[in-house]
Amino acid sequence: VSGAGGSLGDTRTTDRGGNAEAKSLPFGKYSGKEKKAPFGYIRNKNSFDVTLSSSGEAVSYATVDVPQEPQKGRIKFRKLDDRTGETPQGDATLNGLVIGIYDKATGELVEEVKATADSNVVESDLLKIEYPYICREIKPPLGYTLSDKAYEITIPYAGQDVEVSLV
């Protein structure tokens, strides 16, 4: 919490419920800013202004809610040629490839990602970080056989200043 001219008024760490109470501060205008986000979340870079004032004998209290945005994850897939270990050869593409992303705990399909003719990389949409998934091929691209391999993937937390963690 900073006062007029940027002078530091107070620094607090929130409890498990996300609450913190500043020390008693003189009346005036203050600006609060999140310095460190909770694990798994993106740091909110906005400043939150509050004015402490008195009306007669009543002393004002101010509550500031800082919105928290969880970090999301993205997975990129590439199918490699079994013979060469490289991306598809010649005119071959991943067109038609479908990858299933499954919740490891329940086995439920979370998302299907599909390759288009334009890309040799397939990306999932935004997924939970620090959560285990099983990824497997549902449909191979034209000219390839279906792989029976399953891959366990957990997207790591990439720090409070990164919006999307990439695997």
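**Salt bridging and its surroundings**

Modeller: The count of salt bridges comes to 1. This is a predicted model. The partners are Glu152 and Lys104, whose side chains meet at 3.1 Å, N to O. Glu152 belongs to strand β14, residues 150–154. Lys104 sits in the loop between β9 (98–103) and β10 (109–114). The pair therefore ties together parts that are 48 residues apart in sequence.

Now the exposure of the two partners. Glu152 has a relative accessible area of 49%. That value does not pass the 50% cut-off for exposed, so Glu152 counts as partly exposed. Lys104 is partly exposed as well, with a relative accessible area of 42%.

β10 holds Val110. Val110 is partly exposed, with a relative accessible area of 42%. Leaving aside neighbours within four places in sequence, Val110 is in contact with Ile101, Tyr102, Asp103, Leu127 and Tyr133. Ile134 is 24 residues from Val110 in sequence. In space, their C-alpha atoms are 9.8 Å apart.

Ile101 leads on to the core. The largest nonpolar core has 16 residues. Ile101 is among those with the most contacts inside it, along with Ile75, Phe77, Val122 and Cys135. Two or more residues of this core come from each of β9 and β13 (132–139). In soluble globular proteins, nonpolar side chains tend to be buried together.

For contrast, take a polar residue in another loop. Asn44 is placed between β2 (41–42) and β3 (47–52). Asn44 is buried, because its relative accessible area of 11% falls under the 20% cut-off. A polar atom of the Asn44 side chain lies 3.0 Å from the backbone oxygen of Pro67. Beyond neighbours within four places in sequence, Asn44 is in contact with Glu34, Val66 and Pro67.

Last, the whole protein. The secondary structure comes to 15 strands and 0 helices. Of the contacts with a separation of 6 or more, 56% join residues 24 or more positions apart. Buried residues make up 29% of the 167 residues. The protein exposes about 11500 Å², and carbon and sulfur atoms supply 48% of that area.

Back to your request: Glu152 and Lys104 form the salt bridge, with Glu152 in β14 and Lys104 in the loop between β9 and β10.

Note on methods: Residues numbered from 1 in each chain as written. Predicted model: local features only at pLDDT ≥ 70, side-chain atom pairs only at ≥ 80, totals over all residues. Heavy atoms only, no water. Salt bridge = Lys/Arg side-chain N within 4 Å of Asp/Glu carboxyl O. Helix = DSSP H or I, 4+ residues; strand = E, 2+ residues; numbered from the N terminus. Buried < 20%, exposed > 50% of the residue type's maximum accessible area, 1.4 Å probe, protein only. Polar contact = N/O pair within 3.5 Å; in protein donor to acceptor, adjacent residues only side chain to side chain. Contact = heavy atoms within 4.5 Å. Core = buried A, V, L, I, M, F, W, Y, C linked by side-chain atoms within 4.5 Å. Areas by Shrake-Rupley, 256 points an atom, 1.4 Å probe, with all protein chains shown as cover.
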